[in-house]
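Student: I would like to learn how to read this structure one feature at a time. Please give the general idea before each case.

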Amino acid sequence: MAQQKPDPAQLAAVEYIPPRRGWRDPRVEFRKGTYNHAAARRHLEYLGLPNPRDWQPSDADWQLPANWKQIILDGMKDRLERYRSFRLFMDICVRCGACADKCHFYLGSGDPKNTPVLRAELIRSVYRRYFTAAGRLFGPLAGARDLTEDVLKEWFYYFHQCTECRRCSVFCPFGIDTAEITMIGRELLNLVGCNIQWIIEPVANCDRVGNHLGIQPHGFKDSLDFAADELEELTGIRVEIPINRKGAEVLFVVPSADYFGLPHYFTLLGYLMMLHEAGIDYTFSAYASEGGNFGLFASHEMTKRLNAKMYAEAKRLGVKWILGGECGHMWRVVHQYMGTMNGPADFLEVPVSPATGTRFDHASSTKMLHVCEFTADLIAHGKLALDPSRNDHWNVTFHDSCNPARGMGLYEEPRLILRRVLNHFHEMPEETIRERTLCCGSGAGLGTDENFEMRMRGGRPRAMAVNYVRKRHGTNCVACICAVDKATLPPLLEYWVPGVEVAGVHELLGNALVMKGEHPRTTDLRGEPLEGMGGGDA
Amino acid sequence: MPTIELNGHTYAVDEDGFLEDPMLWNEQVAADLATTEGIANMTEDQWKLVNYLRHYYLEFGIAPMVRKLCKENGFKLNQVYEMFPSGPAKGACKVAGLPKPTGCV
């Protein structure tokens, strides 16, 4: 049954007074609504991950391996040697606190251990104790803490209250990437079998079938066929949707939620219309049928394992380059890790738009282009006919999804598209967009029902920025380019700012796109009648 | 592994109350699971959705797209939410004995 939701007024009253007991005390209370279920034994067994067992974080006994402490310390040593960034981030923080009030989870919870500086200190104190001379000799005086079972539980709690969004890193004078500290924290927890269901089940599905949802090839085809039928009803045009077609020029990879959930599906319709209209020779793959990579939320090894399939399929199908959909963390993996993880992808070519001739040199290492870059280029070259009045029922703002924004610097392309397909577009306040964008509060595998309270707390700063434009401009739609956003912003906004919908950039493009030979449109992509709809600036 | 007792029947379920083994499903199971969604007596429309989900699952091993579920049964999304307050994926799928959809959904 739908969970009892906490009262918004209660969650909005945040206490910023630190608790009496000091930060060294690691004990945490696993309170319902603020943590996630543990991963099921069968998924760990399938993936070959350590310590599969039936357990939950609320259990007193976590059934850790007898030598768990040695496993963690060996794991830390190994990572300190392998990743210079990790050692650097452990050493250089001066605890200036510039990051503290930049974290949406701290703003929403008031818990000091949700300030990025203190969240990192939870692991840094253990680093000091076992890996620095000062910490070994002077212990607590040098900021060191012993590694105990309570510390491990504290890590589990707080490293799953960080969405790896990297807003704090923007403000760090040393450029410490706190998301990478969280990643290492989760990776160490994985070594002793402490991981969450919402991450490990999608990983297992993706590894086995090719996508997080576990949709098999015949289901994939059934969904895309349905989309083609529906597009024909909407526009009178039958688009071709090739799957596993060898020799196509481009492989198109989208998040699986685009062909499963709502409102994601309307974005899928938008892509299909654009690709048809631009005349692109492309194919989907029924195996590389997932852009997302929940491996990123578990470990580097798992990230690499899942990322590899896109390139394996690109090779098998003989395409020239890869086009990627409105996916969030896929772009952090592709833009920042792929080059050395599974790349460089020398067997592919630098992406060139067949419609405009634009050569995308910035993608010369990964050979992978974001669909917003591709579409913005089409529009800039006048290749798409657009009628923005077909979006007049929408008054839109744009939520920069964390990973495409801070993970790859994609700020202007989605805005170029939106300004051309909308008559009513207003930005949220400057300090909440572009590189300073505020997280949805549910990324990095935390978008679960059981974690509802923490998600609403973490997403509140974003919701308040939406509320600002709603009041000032009458905004009724948040556009975004991430599948997690499309899944988790609707309940967040319903909770804090009722009456605001969520749409993908390509859904709005699809509404405005005038296709050659289309019959007069009577509805938008959602099937809502176009005539007589309200909207406009308030 | 948690179990749940409903109308005198015991079921192995996951932490979210979804059936652990989707194959151990019949109409009695559906009626019992429906009570956990606040549904005392399933209506004809609710059965229509549940049976559709069940057939689709047996053919494709997954729930259908939400849009397809709505359209092929002639319901708007808000009507599905009225029938199953937790929604199509979390409410209707649970009653139909399907696993909970995961990922960016």
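Student: Which strands of chain B are joined by 4 bridges, and how do they run?

Tutor: Strands (E, at least two residues) and helices (H or I, at least four) are DSSP runs numbered from the N terminus, and two strands pair if DSSP finds at least two bridges between them. Here strand 1 (residues 3-6) of chain B is joined to strand 2 (residues 9-12) of chain B by 4 bridges, and the two run antiparallel. Leu6(B) stands opposite His9(B) in strand 2. The hairpin has 2 residues between the strands, and Asn7(B) there takes a positive phi near 50°.

Student: What should I know about the numbering and the model?

Tutor: This is a predicted model, in which local features need pLDDT of at least 70 and side-chain atom pairs count only at pLDDT 80 or more, while totals for chains, interfaces and linings use all residues. Residues are numbered from 1 along each chain as its sequence is written, and chains are lettered from A and ligands numbered from 1 in the order in which they are written.

Student: Which residues are buried in helix 3 of chain B?

Tutor: A residue is buried if 20 or more other C-beta atoms lie within 10 Å of its own, exposed if 12 or fewer, and partly exposed in between, with C-beta atoms placed from the backbone. In helix 3 of chain B, Val66(B), Arg67(B), Lys68(B), Leu69(B) and Cys70(B) are buried. Their cover includes helix 12 (217-235) and helix 13 (264-277) of chain A, as well as helix 2 (44-60), helix 4 (77-83) and helix 5 (87-95) of chain B. Gly74(B), with a positive phi near 75°, follows helix 3 of chain B.

Student: How many residues does each chain bring to the contact between chain A and chain B?

Tutor: Two residues are in contact if their C-beta atoms, placed from the backbone, lie within 7 Å. Chain B brings 22 residues and chain A brings 31. On the side of chain B that touches chain A, the largest share, 3 residues, comes from helix 3 (residues 66-73) of chain B. That side divides into 10 nonpolar, 6 polar and 6 charged residues. Ala, Val, Leu, Ile, Met, Phe, Trp, Tyr, Cys and Pro count as nonpolar, Asp, Glu, Lys and Arg as charged, and the others, Gly among them, as polar.

Student: Where are the domains of chain A?

Tutor: Domain bounds come from an automatic or database domain assignment. For chain A, the assignment gives domain 1 (8-30 + 50-194) and domain 2 (205-512). Their centres, taken over C-alpha atoms, are separated by 31 Å. The contact takes 18 residues from domain 1 and 24 residues from domain 2. Helix 5 of chain A gives the most to the side of domain 1 that touches domain 2, with 5 residues.

Student: Is Phe347(A) buried or exposed?

Tutor: Phe347(A) is exposed, because 12 other C-beta atoms lie within 10 Å. Phe347(A) belongs to the loop between helix 15 (329-341) and strand 4 (368-370) of chain A.

Student: And where is Arg53(A)?

Tutor: Arg53(A) is in the loop between helix 2 (41-47) and helix 3 (68-82) of chain A. Arg53(A) counts as partly exposed because there are 14 C-beta neighbours inside 10 Å. Leaving aside neighbours within four places in sequence, Arg53(A) is in contact with Arg41(A), Gln63(A) and Gly193(A).
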